[in-house]
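Biologist: Please show me the model. I want to go through its pockets and one of its strands.

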Amino acid sequence: MLEQKYLTFIKVAQLGSYTKAAKQLFISQPAVSQQLTSLENELGVKLFTYHNRQLKLTCEGEKLLTYVQSLKVQTDKFVTNLHHPSSLQTSLTIATTMSLANEITPNIIAKIQANNTFTKLNCKIANTKLCLESVQAGKVDFALIEGNFPKEKFSSHIITEEKFIPVCSPLLGLNAKQTYRFSDLLDYPIIYREEGSGSYNIFKTILASRNITPSDFKFNYQVGSPTAIKALLLKGLGISFIYQTVAKQELATKQLIPLKIENLNITHPIYLVYSKNSYFAKDYLNILGL
């Protein structure tokens, strides 16, 4: 079990305030300060600093937070498992990003079912940012992520690789057989996901490598749903960068077409993500046959 001063450290780091942490922990602010001072003295490092009157973690504080959050999540799960072994062994909670929910996640769930261990599965669907937060908070056992994430804060395993491609409707007047320069796309509307999604981060990286922003396109539409983006694409309202599997059916029926862009060939890994150095990592990999 974690000592109270480590739990206090986590709470202060999460809230960014000694006062707010004291209220939630039902202790005095001086008690919070005393515990953190004791922890800093014990470790021999500074954990917090003030910047523009805001409490910020130091580099050492960031590293400690990653470690103790992971340890707390695993400890809580382990203790709960000791008290209620039968219910936890047959129940699994996962998170998946919206881009993976329709095509890739069902295949993962099929593997979980074939494992023949779990009778209850909870699957939360959210963007990458929220999925990662759920892992950190111990709200899910693991997450399926297609975007970039801070690998120093999580453990992960590559499940598969997926092509990330530009697509549009033939109604837009572009040709699947022609090779375009990236600058040619700027004359058309661009449709992309919301900030916090993995697809948005990959899209933003592609643009940044060419010194382009969404505002450089004729129109830009930011939409928080892959399903809604496909609906807009099918109406010929723009171009979007998406995973090939997300539009597999529409590409097969030629309702949407892939675009060839000079010097653009992106394949991105799909990750199984879980708490850093998790005690349960072997179980998660076994569940999925990895």
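Predicted model: local features only at pLDDT ≥ 70, side-chain atom pairs only at ≥ 80, totals over all residues.

Biologist: Which element gives the largest share of the lining of the largest pocket?
Modeller: A pocket is an open set of points on a 1 Å grid over the protein atoms alone, where a 1.4 Å probe fits, with protein on both sides within 12 Å along at least five of seven lines; lining residues have an atom within 4 Å of a point. The largest pocket holds about 1000 Å³. Its lining has 42 residues, and Val73 and Lys77 are among the closest to its centre. Nine lining residues, the largest share, come from H4.

Biologist: Which elements give two or more residues to the lining of the second largest pocket?
Modeller: The volume of this second largest pocket is about 230 Å³. Its lining includes Leu65, Gln69, Lys129 and Leu132. The elements with two or more residues there are H4 and H8.

Biologist: Is strand E10 enclosed or open, and how many of its residues are buried?
Modeller: Buried means under 20% relative accessible area (1.4 Å probe, protein chains only). E10 spans residues 239-243 and is largely enclosed by the rest of the structure, because the buried count is five of five.

Biologist: Which residue of E10 is the bridge partner of proline 166?
Modeller: Strands pair if DSSP finds at least two bridges between them. E6 and E10 pair antiparallel over five bridges. In E10, the partner of proline 166 is phenylalanine 241.

Notes:
Residues numbered from 1 in each chain as written. Heavy atoms only, no water. Points joined across faces, edges and corners; volume = space filled by probe spheres on them. Helix = DSSP H or I, 4+ residues; strand = E, 2+ residues; numbered from the N terminus. Buried < 20%, exposed > 50% of the residue type's maximum accessible area, 1.4 Å probe, protein only.
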